[in-house]
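Reader: I would like to go through this model with you, beginning with the terms. Could you start with the one for surface exposure?

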Amino acid sequence: MAFYIPLEDNSFESTEHTAGPWSPDSQHFGPPTALLARAMEALPTTQPSMIARITVEILGPLPLATVHVHASVERPGKSVELLAAELSTNGRVVARGRAWRMATSDSESVRTEDGEPLKAPEEGILLSRPEGWGGGYLDAMEMRALSGSLADAGPATVWARQRVALVKGEEPTGLQRLLTLADSGNGVSSLLDPRRWYFINTELTVHVRRQPEGEWIGMDAHTEIGDHGVGTAFTVLHDRRGPLARGAQALLIKPR
């Protein structure tokens, strides 16, 4: 089982596992974000390096259809490179990604930590899909809550791991696992009833300090809402060792 089936020429068949919770016809943007990262990770480099920041701009809903991904080095460099990728379907670009790839070196002696490690995922409560929420992506992820839940409003701390591969026949990288989940920060920490309110993210930005280790990714997420229909979801992303990245999502807040 997988979110995508590889075809020819960097095209992929989207499976039912990509479907979001609000419509069986539109994808949750976790898997497409990871697919863009996969394309950028595959761009050749001449030295050890890692993606330190990735931003995905969401240009519209993505149907469960065949998608095509194209990636390139937009700004080459000896130590820092700007990477770019586009995801399209039926000739229409649906998402654009940009990532800064940086040459790696040894900074362990001056490393800082961003808080304490979370309790282990085995200590969390297994989350079930709330009534009225669609399957697809949610059923393809195992989620365990240390605090909060999908159905309750407010901040949440949730571990998750994929039950399916990103691309059939491939083991996802740590970054791909991270980005399959990072777009869920606004969902787990929502302050509003989704039956009455939209809280749609138009983008996702993730700053990464080190590569995730293992299959479990933790989200410590909260949402802030302003006066004029604009909000932001903030997520500290963890593996078992501790915090490793921070994500943010701009939100459109609007009554249904």
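Author: Exposed means over 50% relative accessible area, buried means under 20%, and partly exposed lies in between, with a 1.4 Å probe and protein chains only. Pro76 is exposed, because its relative accessible area is 57%.

Reader: What kind of model is this, and how are residues numbered?

Author: This is a predicted model, in which local features need pLDDT of at least 70 and side-chain atom pairs count only at pLDDT 80 or more, while totals for chains, interfaces and linings use all residues. Residues are numbered from 1 along each chain as its sequence is written, and side-chain values use heavy atoms, with hydrogens and water left out.

Reader: Back to Pro76: where does it lie?

Author: Pro76 is in the loop between strand S4 (66-75) and strand S5 (80-89). Helices (H or I, at least four residues) and strands (E, at least two) are DSSP runs, numbered from the N terminus. Pro76 and Thr45 are 31 residues apart in sequence, and their C-alpha atoms are 9.7 Å apart in space.

Reader: How many helices and strands does the chain have?

Author: There are 4 helices and 15 strands in the chain.

Reader: What share of the residues is buried?

Author: Of the 256 residues, 51% count as buried. Helix H3 (residues 174-182) is mostly covered, with 8 of its 9 residues buried. Among them are Leu175, Gln176, Arg177 and Leu178.

Reader: How much helix and strand is in each range?

Author: Residues 19-102 are 14% helix and 49% strand, and the end C-alpha atoms are 33 Å apart. Residues 121-253 are 13% helix and 46% strand, with the end C-alpha atoms 31 Å apart.

Reader: Now Pro243: buried or exposed?

Author: Pro243 counts as buried, because its relative accessibility is 3%. This proline is in strand S15 (residues 242-255).

Reader: Which residues is Pro243 in contact with?

Author: Leaving aside neighbours within four places in sequence, its contacts (heavy atoms within 4.5 Å) include Glu113, Asp114, Arg209 and Arg210. Pro243 and Arg210 are 33 residues apart in sequence and 9.2 Å apart in space, C-alpha to C-alpha.

Reader: And Ser190, where does it lie and what does it touch?

Author: Ser190 lies in the loop between helix H4 (185-188) and strand S11 (197-201). Not counting residues up to four places away in sequence, Ser190 touches Asp152, Ala153, Gly154, Phe199 and Thr223. At 8% relative accessibility, Ser190 counts as buried.

Reader: One last topic, backbone angles: what is phi of Asn90?

Author: Asn90 has a positive phi of about 50° although it is not a glycine. Asn90 is in the loop between S5 and strand S6 (92-103), and is exposed, with a relative accessible area of 75%.
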